[in-house]
Amino acid sequence: MLGYFSVYEYGVISRNYSIGIFFLFAAAALLPRRHERPWLLGLLLALAAQTTAMALIVAAAFAGTMFLEPWVSRGGRASATAALKTLGITGVGIVLAAIYVTPPADTGYADVWELEPDR
């Protein structure tokens with residue numbers, strides 16, 4: 001868990017994946033109390049979605065699992081409400097992350113394509 005790759009390779013050399021891993025591990029640690037603190041779980045997943053694209057994908061999968069869990073395990077009304085709260089907060093974080101990473105329409109380095117050779 002806290003070895004060479006998670007602390008040094010992902011945090012320093014490659015990219016800053018460590019903060020996303022931190023938020024995802026914190027959400028996993030909160031998993032046993034997900035019905036008591038759905039807002040905190042949603043906030044941790046939304047913050048993880050803001051860090052990197054990989055954490056965004058994992059947070060979306062995590063939230064999807066939390067959303068499906070009450071219906072698969074027949075957990076009752078209270079767990080469905082907690083799952084919807086978690087999904088709502090995480091969904092806002094995912095939508096904001098998608099808005100932030102979408103480049104503007106006027107950006108780019110190859111806007112004009114020249115198909116005719118220069119003379």
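**Briefing: helix packing in a predicted model**

Of the contacts in the protein with a separation of 6 or more, 59% join residues 24 or more positions apart; contact means heavy atoms within 4.5 Å. This is a predicted model, where local features need pLDDT of at least 70, side-chain atom pairs count only at pLDDT 80 or more, and totals for chains, interfaces and linings use all residues. Residues are numbered from 1 along each chain as its sequence is written, and side-chain values use heavy atoms, leaving out hydrogens and water.

**Overall make-up**
- The protein has 5 helices and 0 strands (DSSP runs numbered from the N terminus: helices are H or I, at least four residues; strands are E, at least two).
- Buried residues make up 27% of the 119 residues (buried means under 20% relative accessible area, with a 1.4 Å probe and protein chains only).

**Helix α2 against helix α4**
- Helix α2 (residues 18–29) packs on helix α4 (residues 53–73) at about 15°, with axes 10 Å apart (axes are lines fitted to C-alpha atoms over the stretch in contact; angles run from 0 to 180 degrees between N-to-C directions).
- α2 and α4 are therefore roughly parallel (angles under 35 degrees).
- From α2, Gly20, Leu24, Ala27 and Ala28 meet Ala55, Val58, Ala59 and Phe62 of α4.
- By class, this contact has 7 nonpolar, 1 polar and no charged residues (nonpolar: Ala, Val, Leu, Ile, Met, Phe, Trp, Tyr, Cys and Pro; charged: Asp, Glu, Lys and Arg; polar: the others, Gly among them).

**Helix α3**
- Buried residues of α3 include Leu41, Leu44 and Leu45.

Key: Angles under 35 degrees count as roughly parallel, over 145 as roughly antiparallel, 65 to 115 as roughly perpendicular and the rest as oblique. Buried means under 20% relative accessible area, exposed over 50%, partly exposed in between (1.4 Å probe, protein chains only).
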